Protein chains: 4
Amino acid sequence: MTIADVRAAAPPLLDRLTQARAQTESLCAPLEVEDYVVSSMTDVSPTKWHLAHTSWFFETFVLAPFDSSYVTPNPKYAFLFNSYYVQAGERHCRAQRGLVTRPTVAEVYAYRAHVDAALRALVERIGDDPNHPAMPVIELGVHHEQQHQELLLTDIKHAFSLNPLEPAYARATPHCVASVAPLAWHRFGEGLHEIGAAPGAFCFDNETPRHRVHVHSFALAHRLVTNGEFLEFIRDGGYDRPGHWLADGWALRQAQAWRRPLYWSDSLESQFTLAGRRPIVAAEPVCHLSYYEADAYARWAGARLPTEAEWEVASRTQGASGNLVEGGQLAPSAATAGTELQQMLGAAWEWTASAYSPYPGFRVSAGALGEYNGKFMANQYVLRGGSCATPAAHIRRSYRNFFYPHQRWQFAGIRLAKDA
Amino acid sequence: MTIADVRAAAPPLLDRLTQARAQTESLCAPLEVEDYVVSSMTDVSPTKWHLAHTSWFFETFVLAPFDSSYVTPNPKYAFLFNSYYVQAGERHCRAQRGLVTRPTVAEVYAYRAHVDAALRALVERIGDDPNHPAMPVIELGVHHEQQHQELLLTDIKHAFSLNPLEPAYARATPHCVASVAPLAWHRFGEGLHEIGAAPGAFCFDNETPRHRVHVHSFALAHRLVTNGEFLEFIRDGGYDRPGHWLADGWALRQAQAWRRPLYWSDSLESQFTLAGRRPIVAAEPVCHLSYYEADAYARWAGARLPTEAEWEVASRTQGASGNLVEGGQLAPSAATAGTELQQMLGAAWEWTASAYSPYPGFRVSAGALGEYNGKFMANQYVLRGGSCATPAAHIRRSYRNFFYPHQRWQFAGIRLAKDA
Amino acid sequence: MTIADVRAAAPPLLDRLTQARAQTESLCAPLEVEDYVVSSMTDVSPTKWHLAHTSWFFETFVLAPFDSSYVTPNPKYAFLFNSYYVQAGERHCRAQRGLVTRPTVAEVYAYRAHVDAALRALVERIGDDPNHPAMPVIELGVHHEQQHQELLLTDIKHAFSLNPLEPAYARATPHCVASVAPLAWHRFGEGLHEIGAAPGAFCFDNETPRHRVHVHSFALAHRLVTNGEFLEFIRDGGYDRPGHWLADGWALRQAQAWRRPLYWSDSLESQFTLAGRRPIVAAEPVCHLSYYEADAYARWAGARLPTEAEWEVASRTQGASGNLVEGGQLAPSAATAGTELQQMLGAAWEWTASAYSPYPGFRVSAGALGEYNGKFMANQYVLRGGSCATPAAHIRRSYRNFFYPHQRWQFAGIRLAKDA
Amino acid sequence: MTIADVRAAAPPLLDRLTQARAQTESLCAPLEVEDYVVSSMTDVSPTKWHLAHTSWFFETFVLAPFDSSYVTPNPKYAFLFNSYYVQAGERHCRAQRGLVTRPTVAEVYAYRAHVDAALRALVERIGDDPNHPAMPVIELGVHHEQQHQELLLTDIKHAFSLNPLEPAYARATPHCVASVAPLAWHRFGEGLHEIGAAPGAFCFDNETPRHRVHVHSFALAHRLVTNGEFLEFIRDGGYDRPGHWLADGWALRQAQAWRRPLYWSDSLESQFTLAGRRPIVAAEPVCHLSYYEADAYARWAGARLPTEAEWEVASRTQGASGNLVEGGQLAPSAATAGTELQQMLGAAWEWTASAYSPYPGFRVSAGALGEYNGKFMANQYVLRGGSCATPAAHIRRSYRNFFYPHQRWQFAGIRLAKDA
């Protein structure tokens, strides 16, 4: 089923809400109680926190304003589970999220059930009124829930990777070992394009407004860079030659002693995955790279990273299926043997050369929800396309994900571009 | 029952071993699974780790050398649960103890049971042979277990204190509100004394050899400094006047913005305890102080901290009962109304003015067990007397506890001394 | 004399070289020997180092390759005075530049004279051959020298500002106290423009290639934001309301306790300048702001920062005179009373909303000189227009300066823009 | 001339004051103006600061209270040149001492001359009145001046060592290459001794009160450990085996990657000295060691460091000449060929096993001068005996120097002891 199919078949809001909330919980099925508690670095939140925070989001932005009868099970949850919404009140220190053993996991599930029941009652009360002001916020909450589904997976992967016992979250699926075609290039001519979300369907505010941009001619690689190709970079001294690197990237590579992608073994033979330690398969896309590594690889390869406008323009030419979370692969799978443009959606997020900035004419919304995206528009880079951990109902061509250039714990890989 | 009684009634080693192991587990009864996992700062270990590490100690130093049939349930436990014994092999990074969710709590209890069964079989095989080389190591393991019982409590107290929900580990016991007598002084004349553990009974190596020391005449306060007295220090600007402080202490007080003992509220009215937040009772001993705060208080009061030799000489004149963990108070209780020398054992550890150094003639044992105490003989101070969290079978007059002068999470308080 | 006049009158290369080298030294005239030595933070280099590094640049990139008879006075200077050119060899740690007392100031001047003599001989030997490969490198060296003239001033200002004696580098010039016009807006329509340096005249590589860009309609403020306007922001709680700030900016403002521009007094009445402590004049441009402060001010004012394309397009409509270093003001001077577009060149660098990225089609040069600009194209923002410390012969409309968003020690101020 | 001779011939106070002040300045003769400015780490102060601080000491503690006509040349000097006397007012941040280029060196010398003239007039006015309250403070100021003479040398050595040009402060003196005798041991029996300064002559407060201490029998090595002996420790893996090290020492050795004494080359063949880089001579004493290295060496050698009481008791049996600063060697010189107890005074400070604590009965003086020593009595170790950089008039058997166990930039070496 393609993503377009998924969307075309979009069920009513209540069903989507129910489905999204259930999907979060089903992702937790393989976990032990202990696994829900820890935060293995500041970027990583405990599973327990993801479960509670997404509930707090609905409580704060939907139930509190639109359901006067709603009572929270614990007023201190507002402090514990607010992430970064300054205008929504004081909040717990992010660095201490992993130190809080209570509420217990059982209490957090009870909190979810409490919020779900209230939400369901509210949506049923609203009925089919598409103009009720709660509707867009509930919709936003569904997409927010989906974002945390992906984070929940990347975070538990990181936590497990630090455990000398190397626990597996999931069973390994058999890897395709077929080889992929050598890199082929698809050319796109110079011209004025519109990018950004088209009105009508849901999008985040950072995808708006749709606007004109002049794009120079360029060529885009038909698939993602593979583990095998990245190994060549390593073996050619890619991590030892500052000439390939941005200055900030080189400084970080030195300070952190980076010598290979996150999760790869010293021997370059295995990598830690959600299915535990597994051999590195040459045909599969490389991922868990920082922007700096992606950029250095591109220079070494005589290419560059695409801009987000280039990516968006090119993506429209590709069909919309992909290796997304529902496939259960939970790792980037190899390209097909053909040279058609592929892997634009799913498999691995693609670092673009575009700094994360507001689109021309972008307006921050009033109130705490205005903090959702806008205040992060500095020092980060845009990633496009979703990954093997992204829900199908969540990704779209105009979607702008963003991370700091040093971050490696997301499923982020490389799509090459060049001037043409 | 006095401590002497406890010791006089010392049961056979197997019974003491069984009792100590059980006491550790009974201390965990109030905890939820989630509580076992976290480490709220580098000094603090997860409950789960304490349970496993004490088992690893027996496995490594008793079962491995003396029971050739012993098989560990998981060879990686040796890596995960070695604390600091360099000669016993590589070990997990202390700072990451709280990130390891597996083995689960249930698996750790199974590990304990496995080790206990093997130990029991070994001791029964050895029978009554007091010269079997395993005997002193098992004895050491019992005392090691007891040390971790105290740490388990101070660690869970710290972890709970950082949780905005302020969980309670135990029910509050009613506080005695009777007032205590003003500080009275007991004088001791100049002379040559022997200090250190007398041969015969168990002691740690750092209490040996018993040796002669010249002690100048001194006077010792009859009881610990109270919360009420410490409040006067605060209200007199004790935390604002560098003249009372050691230079390193003042620098730390500035850097950490110390204004009151750890766990006290800003209002100086309540403190976090193992029974949750409770009012500060003036008559009860102040504790959770760093050495610097204890020393600054003593200067402000026109007194000083006692040396460990003074403390040991004076302690021999007092009867041996005290507010120890078996009493279940889990907080330092107030002195009696009298002015006899008291609270020397239990209630709160007493910072001494003595840097933690080897006694004259001290020898480090060969092998990894030689790392137990000797390698820490720098930069720390000796504390004496045990606390409300110390097992009765563990404490003795020659016992030398040691912590860094900045550490505050132990039940450490103040006994004043002066020249006389 | 306008900048165009300066350029029109551009003398032969040797004269420009001689003039630039002499101007660097004349900027040092007010300094004591001691002043040449220190580095008050990692961003700041000692005056002595600037004098030597600019000489090393000519030595390494001009004399070494093009003058086979050249001998350096000390081979270790190559290690000491290489800034960041990895391909030019090992170099001294930036953080230790201020710890190196030798060579002495006198020895550094002798080094300059040695290099100057060899350069002069080389240029005379080359004669008028415009195709000699040394010519563009010498030209680059002249502009490099000018860059360091500005840094020399901003660096000595920072060093002096940390001295409790508050030394003055220069005499104060009388400040214009006339008031400026309220902010007026100049509107520019949507369209396709070319930006970047036009071929023919000297430019840095980061200004190339000249390329097409689609610019949406916008309005630009006629002058820089003044101290008086910025004071309103402060008094309105601008530094206390996270809603105005980018998330990274707010985190930094908290960590660094920013409450006002760098160099302003707590009382908001005076600021440290190159002429010592001076009253804050309301009509003069505010400067020494981070990107975050500039951005927060713009949000508070209901506006935004311009993109670099907007800035460049608008700048072409303004005449080319400005408050540059030759004016001797050494502080941003007030706008005129009119509302014509002004202060585009000189006075204070203008933070743009544009992340510092390569232009479409940008190519890094081969060899060490390729490190001049390209490797810094991440995590920084573009500033435009030059400042009161910029040499007139150095600035141009296509000039892309770049600094990290947290940096405040440059003469960086605010030009507002809005959608229109 | 022995130290006893120096003291016996002690001239009147004014002469000693004049001599001490002149000696400080003569130590600066080899320096360039630039050398006076820098601080190469927080422990190191600029020469300029030493010159000014010692003058401030006299100004603050002698001239201000005892000479009502005294006027300081600049009231801000009190802020700039107070080191750590909190009760003497606010002071400049230690970490920024090396950033202050003004006052210039010439101005600092003028400050010294100003203070000297006032002091001379004051002492002449006081005449021979030994009971005048200024007298003991001037005496203290002379010894304070001498302390800074040693620091001035160790500090400039450190600063020069970081300069890739490796400047030499002094000419190299020819090194004695004669071999020294194998380590011989001098035994001292158990008994009650008095240690601490005897009344009558000048001493610092930390040497008082003279008091009884019980010393167990011990043996002391006849000379300092040599470079050759320390090389054996290195070659035997001394820096690689944690079993030799205190836990804190090992952690630091790991964090700092210590592999050899400070100032030694990687090749173990040369060391940086005040005469520039020089070969390591096996017979000369090893120095520039931390406490941890000294302690690890002693364990490796099957010995230990002496306590300060042992050192003081033993030192009384040795004659009082030594390799002190007046000898001009400026490096520790080799022992004689004999096995008599030697090198107790001069050559290198000897780390003792004694934590720096107050003597029994020690009283801190009232007022700011009470901060001279007492507030540092935590976390440091006592060193005894002076070094090749110590003035002869400064050292004595009861002298207690103290440094943190991690510090290596002093001339600190090893004297072995053992139980006997």
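Two strands pair if DSSP finds at least two bridges between them. Helices (H or I, at least four residues) and strands (E, at least two) are DSSP runs, numbered from the N terminus. This is a predicted model, in which local features need pLDDT of at least 70, side-chain atom pairs count only at pLDDT 80 or more, and totals for chains, interfaces and linings use all residues. Residues are numbered from 1 along each chain as its sequence is written, chains are lettered from A and ligands numbered from 1 in the order in which they are written, and side-chain values use heavy atoms, with hydrogens and water left out.

Q: What makes strand S5 and strand S6 of chain B a pair?
A: The rule asks for at least two bridges. S5 (residues 270-273) and S6 (residues 276-279) of chain B have 4, in the antiparallel sense. With 2 residues between them, S5(B) and S6(B) form a hairpin.

Q: How do you know that strand S7 and strand S8 of chain A pair?
A: Again, at least two bridges are needed. Strand S7 (residues 349-355) and strand S8 (residues 381-384) of chain A are joined by 3 and run antiparallel. A:Ala355 has A:Tyr381, in S8(A), as its bridge partner.

Q: Which strands make up the open sheet in chain A, and in what order?
A: The order is S9-S8-S7-S10, 4 strands with mixed pairing. Strand S9 (401-403) and strand S10 (412-413) of chain A each have a single partner strand, so they stand at the edges, and one side of each is left without a neighbour in the sheet.

Q: What makes chain B and chain D neighbours in contact?
A: Contact means heavy atoms within 4.5 Å. By that rule, 33 residues of chain B touch 33 residues of chain D. The two bury about 2400 Å², with 48% from carbon and sulfur atoms. Buried area here is the accessible area (1.4 Å probe) that two parts lose on being put together, summed over both. On the chain B side, B:Arg212, B:His216 and B:Asn379 lose the most area to chain D, together 20% of what that side buries.

Q: Why is the pair D:Asp419 and B:Arg363 called a salt bridge?
A: The term needs a side-chain nitrogen of Lys or Arg within 4 Å of a carboxyl oxygen of Asp or Glu. The closest N and O atoms of D:Asp419 and B:Arg363 are 3.3 Å apart, so the pair meets the rule. Across the interface of chain B and chain D the rule finds 4 salt bridges.

Q: Which element gives the most residues to the side of chain B that touches chain D?
A: Strand S3 (211-215), helix H8 (247-256) and helix H9 (291-300) of chain B each give two or more residues to that side. S3(B) gives the most, with 4.

Q: What relates chain B to chain A?
A: A rotation of 180° with 0.0 Å of shift along its axis superposes chain B on chain A, at RMSD 0.0 Å. B:Glu34 comes closest to the rotation axis among residues of chain B, at 2.9 Å (C-alpha). The copies meet through the same surface, because 100% of the interface residues of chain B are also interface residues in chain A.

Q: What does the interface of chain B and chain A bury?
A: About 2600 Å², 63% of it on carbon and sulfur atoms. The contact takes 31 residues from each of chain B and chain A. B:Glu34, B:Arg102 and B:Leu165 lose the most area on the chain B side, together 27% of what that side buries.

Q: Why do A:Arg102 and B:Asp35 count as a salt bridge?
A: Their closest N and O atoms are 2.5 Å apart, and the limit is 4 Å, so the pair qualifies. The rule finds 2 salt bridges across this interface of chain B and chain A.

Definitions and conventions:
Least-squares fit on C-alpha atoms with pLDDT ≥ 70 in both.
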